[in-house]
Amino acid sequence: MTKVVIVDGEGLLRARVVSNTGAEHRRLANRVMEEALQQAGLPFDQVSYVVATGYGRINVPFADRQITELTCHAKGVASLFPAVRTALDIGGQDAKGLKIKNGVLEDFVMNDKCAAGTGRFIEVLAGTLGLKVDELAAVAAKSTQKLRITTTCTVFAQIEIVSRLSEGVPLEDVVAGVYDAIARRTVNMLKQLGVEPDVVFTGGVARNAGMVKAVRDNLCYDVFVPEDPLITGAMGAALLGKELVLKARAKGQPILRKERRLEEATFFSS
Amino acid sequence: MTGNIRVAGEQKQGLARAGQIYHDRDIRMRQLKAEGRKVLGYLDIYPVLEMLTALDLVPFGILGDIKEPISRADACLPTIVCPFLRSALDLGLKGRYDFLDGLVAAHTCEVGEKWAHIWRIYIDLPYIHYIDTPHTTHQSAREHLAVLLSDFQGTLESFTGAKLTPERLRRAIRMHNEQRALVRGLYDLRKPDPPLIAGTEVVQVLVALISLPVEEGNELLRQVIDEVKQRHDGPKKKPARLLLWGSVVDSTDLIAMIEDLEANVVMDDTFVGSRAYFSDVKLTDDPLEGLAEHYLVDIRNPRTFRETALDEANRKDYWADLESRHGYLKDYAREWNVNGVILQTLRYCDIQGYEVPGLKDYLEHIGLPCTYLEWNYSQAALSPLRTRVQAFLEVIG
Ligand code: SF4
């Protein structure tokens, strides 16, 4: 997913665009930026600063600065939940745990090596069960005894759930087991940092009610989920950009901006 | 023959020469072979190179290649072992090291031991010797290593037909000590801010060193040190000055990724880095004793177990123990003005991995921020690591 957030000088949201990322990162970055500018009703030259984040951060030709998703997430989460100390972000490709103090990233852990414990795990197993991802939560809600999935690997977990289904384990218990497997894995990862409240759960996977429940059950802490958990990283990037600009202005320093790439100009005029 | 490292038609010197050998590691070896010298490959830092040099044998450090996909080695080594060793064996099986007359290996780690025996099975060489280097620093272990080295002396003498006299060995020890001192001199050039030499350049020089006879390596080091002191286009000043600790780093790729960000790698505690060079071999009456002491006690490496250090009241104390194990890193951090540490281990490298929890505690205790990367010895593994390193740099500011 590629997301664009534009904030104004007060930090208020002026545009929010979310789009599927294809293979052509650069072209997409330009297209979603254009859409966001339209939403905000702004020409590009009125945008004071652009921060790119996430895996694609180096593929945003018009960005002034790249900041990692870890720092941006911390900022975004803290802007919504000032008391946050621990944040969990589960996206389609990776899962990260953040330790935040006074609104700033203090430490982090990441699972970026393996699909198990990410949104991908849910997608693959939903496919195996013949369900859509957004149908899972309702199914899991009926579970009375969640299945304990013993393998970590996505591929082996697929084999395991198929064989447990054929043994007669009810579908809802299998689905609840899938949630529990990811929650256990990510919560264990989070424990490396030492979990302290408030805990906030973000990322695409946090939109899934079944997953939120599983994380709560495994953490033994209440878990806050932002209204729009998909854009906390982009939000944080925009807020960091705003801070950089305001800080430079307050000090009377020039705002160091990257030279715009020709490629971007062509896209914007087409 | 000494000191002549010029190749007809290519008069490269200093850093350019180091870069050339880094990219083409066997060039000098093949020339020396053509001149009738014998080349022995060795793995890691425990084979006692002084003994080879003393008998006019050329030591050549066997490395892996992170750019070469591992294929042949998977038939002889499980895939769940150190990827560096798998890669090194793979290159051996593919003929990359076909100029070797022999192999010297030592017990660095469990898989390193198996690796040596598997190499012996699959790659037949006229001379193979394995040194079963002990794993503790006890007196009995030191004495045992001296005995093992005299066995090693025996097989070397019968392979070369020459006698390894104490005089020859002392001369070789002096040459290798000179190399150690020169490498420390090279590392001194990393102390200023910005460092005068980039971390990637240091790796190129150190890889070149283990691809050259010791006297030629010393000459190369002198050239590099002179060149670096005189040039004006060294690395730029960056906010982070990092120490890199851990498993083997035998290519520039990992450091290039780090130095591409807002950081200079100014110190390391790794192989092919500082570990082999930061203490000298003492010239004892029986030179083998000094060598045993050096390789077992002086070299700081998690592969050698040190007895738990006690506090002043003779009680076990976690922090006193950590201080005795890792205190030298605090000295490095101070002398090289380091403000962050990257702990890195290769996947399945238990030897270094076991050290990480205590080392993290220690660094935190002394107020030095660190981050831990476990990686796969492949270029593809580097891009997710980039995010972690960049985030770490953002955290330390
Ligand atoms: S990297 Fe670790 S496992 Fe591999 S050879 Fe070195 S010590 Fe052994």
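This tour goes from the ligand to a sheet in chain B, then to one aspartate in chain A.

The model is predicted: local features need pLDDT of at least 70, side-chain atom pairs count only at pLDDT 80 or more, and totals for chains, interfaces and linings use all residues. Residues are numbered from 1 along each chain as its sequence is written, chains are lettered from A and ligands numbered from 1 in the order in which they are written, and side-chain values use heavy atoms, with hydrogens and water left out.

**Stop 1: the ligand.** Select B:Cys82, B:Phe84, B:Leu85, B:Cys109, B:Ser247, B:Val248 and B:Cys349, the residues around the ligand (a heavy atom within 4 Å). By class, this shell has 6 nonpolar, 1 polar and no charged residues. Here Cys, Phe, Leu and Val are among those that count as nonpolar; Asp, Glu, Lys and Arg count as charged. Now colour domain 1 (24-171) and domain 2 (197-396) of chain B: both give residues to the shell, so the ligand lies between them. The bounds come from an automatic or database domain assignment.

**Stop 2: the sheet.** Stay in chain B and find the open sheet of 4 strands, parallel, in the order 6-5-7-8. Strands are DSSP runs (E, at least two residues), numbered from the N terminus; a pair needs at least two bridges. Strand 7 (residues 340-346) and strand 8 run parallel, joined by 6 bridges. Zoom in on B:Leu346, which stands opposite B:Trp375 in strand 8.

**Stop 3: A:Asp94.** Go to the loop between strand 5 (86-90) and strand 6 (95-101) of chain A. A:Asp94 is buried, at 5% relative accessibility (buried means under 20% relative accessible area, 1.4 Å probe, protein chains only). Show A:Tyr55 too: the two side chains make a polar contact (2.9 Å). That term means a pair of N or O atoms within 3.5 Å; within protein, one must be able to donate a hydrogen and the other to accept it, and residues adjacent in sequence count only if both atoms are side-chain atoms.

Methods: Buried < 20%, exposed > 50% of the residue type's maximum accessible area, 1.4 Å probe, protein only.
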